[in-house]
Amino acid sequence: MTIVIGFEGSANKIGIGIIRDGEVLSNPRRTYITPPGQGFLPSDTARHHRAVILTVLKEALEQAGLKPADIDCVAFTKGPGMGSPLVTVALVARTVAQLWGKPLLGVNHCIAHIEMGRLITQADNPTVLYVSGGNTQVIAYSERRYRIFGETIDIAVGNCLDRFARVIKISNDPSPGYNIEQMAKKGSQYVELPYTVKGMDVSFSGITSYIEEAAHKMISSGQCSAEDLCFSLQETVFSMLVEITERAMAHCGSGEVLIVGGVGCNLRLQEMMGVMCKERNAKLFATDERFCIDNGAMIAQAGWEMFRSGQVTELEDSWITQRYRTDEVEVTWRD
């Protein structure tokens, strides 16, 4: 049996997970939460990760009932992500690998989301919608690569939601996106917002600028409520995502959709995607917050696949890459 430990810390989550041949043995994590109206800065996030990472490592080993000697490989997030947090976690993973005498593996964060989604849902060869605070991509596998069929040309959908949450001072606990989702359930009036799809790509900077500028005027004048704006923003951005996903499915002749990434646990997005899939006689696969929000087990799972196919990362090559493209990685573990 192959046991891999995975270190994740590309944004405000620090997670360490352990996988044994497709079984999640442990997956503890901590989230760096800032006051309402504020985002998280790379330096502060890295400081948070440094403060808790050894506690999380101890938890991961204890929950799995394992000792360092039982681990076969140490995997860590190479990128993409925020520089300081990535470096913090990579340093600890490198140190642990040397102390324990284990091989090291640098993992692409996006591919880790996909491999975790495939493991948990048992989706065969899906068209993937990857949506998070830092990434928005429509992806499909072909000839040993995860190919990007469409993506955001500016900011990610999660960043769009987070920035709106800051404008109306929504709490960041447990996450701004989750709190927008709860408020949106109480909204009833649809406010028309900019809708920007360009071929297979989407743009969220225009809708973000528009709603940032208009929100307070619209709410204070009684034109609509904050709940109405949350509802309208979700409906608009999710419609854009469903449109480009359906187009990618048609191009690939695909009968499966897998939603991954932190925004992927939004039930309204899953519902809208489900309607589209039903109309196409396709299957929708999604996971809950345990696995779609950044976590260590997903890094361990991608590391497990890579390690089993003969890959390792030499110590001198174990740097981080903030802009690490999904399609840069040769997928040696699939046919």
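Glu-59 forms a salt bridge with Arg-30, with the closest N and O atoms 2.4 Å apart. A salt bridge here is a side-chain nitrogen of Lys or Arg within 4 Å of a carboxyl oxygen of Asp or Glu. Glu-59 sits in helix H1 (residues 42–64) and Arg-30 in strand E4 (residues 29–31), so the pair ties together parts that are 29 residues apart in sequence. Helices (H or I, at least four residues) and strands (E, at least two) are DSSP runs, numbered from the N terminus. In total, the structure holds 15 salt bridges.

This is a predicted model: local features need pLDDT of at least 70, side-chain atom pairs count only at pLDDT 80 or more, and totals for chains, interfaces and linings use all residues. Residues are numbered from 1 along each chain as its sequence is written, and side-chain values use heavy atoms, with hydrogens and water left out.

**Domains and their interface**

- The chain divides into domain 1 (3–114 + 293–317) and domain 2 (125–286); the bounds come from an automatic or database domain assignment.
- The domain centres, taken over C-alpha atoms, are 27 Å apart.
- Contact (heavy atoms within 4.5 Å) involves 14 residues of domain 1 and 17 residues of domain 2.
- The two domains bury about 1,200 Å² between them, 68% of it on carbon and sulfur atoms. Buried area is the accessible area (1.4 Å probe) that two parts lose on being put together, summed over both.
- On the side of domain 1 that touches domain 2, the residues split into 8 nonpolar, 6 polar and no charged. Nonpolar covers Ala, Val, Leu, Ile, Met, Phe, Trp, Tyr, Cys and Pro; charged covers Asp, Glu, Lys and Arg; the others, Gly among them, are polar.
- Between domain 1 and domain 2 there are 0 salt bridges.
- Polar contacts between the domains link 3 residue pairs (both at pLDDT 80 or more). Such a contact is a pair of N or O atoms within 3.5 Å; within protein, one must be able to donate a hydrogen and the other to accept it, and residues adjacent in sequence count only if both atoms are side-chain atoms.

**UniProt annotation**

- An unreviewed UniProt entry places "domain: Gcp-like" at residues 29–300. UniProt positions follow the numbering used here, feature names are shortened, and annotations may be inferred rather than shown by experiment.
- That span is 51% helix and 17% strand, and its end C-alpha atoms lie 14 Å apart.
- For "binding site", the unreviewed entry lists His-109, His-113, Tyr-130 and Asp-294. They spread over 186 residues of sequence yet cluster in space, with a largest C-alpha distance of 12.0 Å.
- His-113 lies in helix H3 (residues 109–121).

**Backbone exceptions**

- Most residues other than glycine have a negative phi, and most peptide bonds are trans.
- Gly-79 and Pro-80 are joined by a cis peptide bond, omega about -5°. Pro-80 is in the loop between strand E5 (73–79) and helix H2 (83–100).
- Asp-173 and Pro-174 are also joined by a cis peptide bond, omega about 0°. Pro-174 is in the loop between helix H4 (157–167) and helix H5 (176–184).
- Asp-21 is not a glycine, yet has a positive phi of about 45°. Asp-21 occupies the loop between strand E2 (13–20) and strand E3 (23–26).
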